[in-house]
Amino acid sequence: MKVNKRGIVAAGAIAIVSTLTLAGCSTGTSNDDTSGSDDSSALVVWVDAERVDALQGAADAYEEKTGVKVQLTGKSVDDMKDDFIQQVPTGKGPDIVMGAHDWLGELSTNGVVAPIELGDSSEDYLPVALQAATYDGTVYMLPYAVENIAVLRNADLVPAPATSFDDMISKGKFVVEQGTEGNPYHLYPFQTAFGAPVFGSDDTGSYDSTDLQLGSEGGFAFADWLGAQGAAGVLNTDVDGEIAKQQFLDGTAAFWLTGPWNVGAATDAGINVAIDPIPSPTGETASPFAGVKGFFVSAESKNKVAANDFLVNYIGTEDVQLELFKAGNVLPALTAAADTAAADPIIAGFQAVGADAVPMPAIPAMGAVWQYWGVAEAAIINGEDPATTWQKLVDDVTAAIK
């Protein structure tokens, strides 16, 4: 996907911040916990409760530099998006909220987020992070972390990476989370290797809901492949996340397709873990989804310039992104910070695979895809006719989108 970049002179933003310091504007006008601040001059930031400490240094530095207080409010990630959408139109809620890029479709549809001006710093981010932060050609998120799956290999069982999917299967047992309703997130790299993304892109580089690619020739070829892997026992809907994990931890499986969130369990179990590219079943690149985390500015914030300045010039620095990395062990979105974090070979492995990743679609139409996608894949793995089942998937999604 191609990204349209928007520019602004950062120095101008800083100058305006000085004015805002005197004006003392803020979205937070209530003294209850919906606003997050008792100080009407504060820049209110909702963050994952586990990331507050990682951001405190940036908040303190910003206040010292500009005089604008940054109040960090720890929130549960389970409630943050819905609370934000509900409170912004009322004039309550934060100036800035931490969240995931796949919130963007819903946030944009509800009109609760404002564009962010990255200026020249747009070149400083990993391409997939910038793609994910962009919606309909406009940047709405300051990215701080990129997460994708890769193949964990037990290097004691299999010393060298597989060169292809078939080569991997010949070297040792492979496990991937499925379950009775399937798991298309984990199978997406194989689907893309057949040239079948979910959606095409429009001229802004954004996903186009009118260009459903599931029904392409590659989609049906992927469905045939799924059926063959199910028949061979390579893919199995009886294998859920816990079973896949246990088979890798006990040495039954040599290869596990999963994310960085499971690396700790493997290393704690004493496994010599290597991170490999996802082996392709076709020879074409197997591109996983990337999930990108970042910060959004409220559309109703009266501190938009200060919020933009804080995000771009403080959160968007190597030191702060590395602090966030230490808090979550997820690859930083800023290239310099990502390269520093990649001194760890595990992180370097995920970064290498992530170079081929594509942002998970954030458009509202993606909800219709999730509704039917996994169930159809599970049915094919379990022996249903691939062509008929995949065509029904395409028809169901098309009808749901319309």
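Visitor: Which residue with a positive phi follows α15?

Guide: Please keep in mind that this is a predicted model. The residue is glycine 383, and its phi is near 110°.

Visitor: How many residues does α15 have, and how far does the helix reach?

Guide: Helix α15 covers residues 366–381, which makes 16 residues. From its first C-alpha to its last the helix reaches 22 Å, close to the 22 Å expected at 1.5 Å a residue.

Visitor: Where does α15 bend?

Guide: The bend in α15 is at tyrosine 372 and amounts to about 30°.

Visitor: How should I read the pattern of buried residues along a helix?

Guide: In general, an α-helix has 3.6 residues a turn, so residues three or four places apart point the same way. In α15 the buried residues include Met366, Val369, Trp373, Ala376, Glu377 and Ile380.

Visitor: Which elements cover the buried residues of α15?

Guide: The cover includes the helices α7 (184–193), α8 (217–232) and α16 (386–401), together with β10 (199–201) and β14 (289–298).

Visitor: Which residues have the most contacts inside the largest nonpolar core?

Guide: The general idea is that, in soluble globular proteins, nonpolar side chains tend to be buried together. Here the largest nonpolar core has 130 residues, and those with the most contacts inside it are Phe174, Phe295, Phe310, Ile315 and Trp373. Helix α11 (residues 304–315) gives the most to this core, namely 7 residues.

Visitor: What is phenylalanine 174 in contact with, leaving aside its neighbours within four places in sequence?

Guide: Its partners are Phe165, Met168, Ile169, Phe190, Val234, Leu235, Phe255 and Leu257.

Visitor: How many cavities of 30 Å³ or more does a search of the whole structure find?

Guide: The search finds 4. The second largest cavity holds about 50 Å³ of space. Among the residues lining this cavity are Val146, Glu147, Asn148, Pro260 and Phe350. The largest share of its lining, 3 residues, comes from β7.

Terms used
Residues are numbered from 1 along each chain as its sequence is written. This is a predicted model: local features need pLDDT of at least 70, side-chain atom pairs count only at pLDDT 80 or more; totals for chains, interfaces and linings use all residues. Side-chain values use heavy atoms; hydrogens and water are left out. Helices (H or I, at least four residues) and strands (E, at least two) are DSSP runs, numbered from the N terminus. The expected span of a helix is 1.5 Å times one less than its number of residues. The bend at a residue is the angle between axes fitted to the seven residues ending there and the seven starting there. Buried means under 20% relative accessible area, exposed over 50%, partly exposed in between (1.4 Å probe, protein chains only). Contact means heavy atoms within 4.5 Å. A nonpolar core is a set of buried Ala, Val, Leu, Ile, Met, Phe, Trp, Tyr and Cys residues joined through side-chain atoms within 4.5 Å. On a 1 Å grid over the protein atoms alone, a cavity is a set of points where a 1.4 Å probe fits but cannot get out, and a pocket is an open set with protein on both sides within 12 Å along at least five of seven lines; lining residues have an atom within 4 Å of a point. Grid points are joined across faces, edges and corners, and a volume is the space filled by probe spheres set on the points.
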